[in-house]
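This report describes a few local features of one protein structure. The sequence and the model are shown below.

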Amino acid sequence: MSESLAVCDVDEDLVKKLKKFRFRKETNNAAIVMKIDKDKQLVILEEEHEDISPDDLREEVPERQPRYPF
């Protein structure tokens, strides 16, 4: 009996943006930074970066936020 536990929902606009981002044709580096709105229990878009290097992106993310290796 395996049931999935939904902790947060994902904003509908963010879902559309993620699909568009996933299948984009550009070959430059890009990133989408998301965060969880604790009050609404919703994953939302925080920032979107286009043509950014991994090092520059690392500098953009504040120290208090988790950083996941590429």
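## Terms and basis

Buried means under 20% relative accessible area, exposed means over 50%, and partly exposed lies in between (1.4 Å probe, protein chains only). This is a predicted model, in which local features need pLDDT of at least 70 and side-chain atom pairs count only at pLDDT 80 or more, while totals for chains, interfaces and linings use all residues. Residues are numbered from 1 along each chain as its sequence is written, and side-chain values use heavy atoms, with hydrogens and water left out.

## The hairpin

Helices (H or I, at least four residues) and strands (E, at least two) are DSSP runs, numbered from the N terminus. Strand S2 (residues 30–37) and strand S3 (residues 42–50) pair in the antiparallel sense over eight bridges; pairing requires that DSSP finds at least two bridges between the strands. Val 33 stands opposite Glu 47 in S3.

Four residues lie between the strands of this hairpin. Gln 41 is in the loop between S2 and S3, and its phi is positive, near 55°. Gln 41 counts as partly exposed because its relative accessibility is 35%.

## Asp 37

Asp 37 is found in strand S2. The side chain of Asp 37 reaches the backbone nitrogen of Asp 39 at 3.1 Å. Not counting residues up to four places away in sequence, Asp 37 touches Leu 42 and Ile 44, where contact means heavy atoms within 4.5 Å.

## Asp 51

Asp 51 is found in the loop between S3 and helix H2 (54–60). Asp 51 has a positive phi of about 55° although it is not a glycine. At 59% relative accessibility, Asp 51 counts as exposed.

How values were computed:
A polar contact is a pair of N or O atoms within 3.5 Å; within protein, one must be able to donate a hydrogen and the other to accept it, and residues adjacent in sequence count only if both atoms are side-chain atoms.
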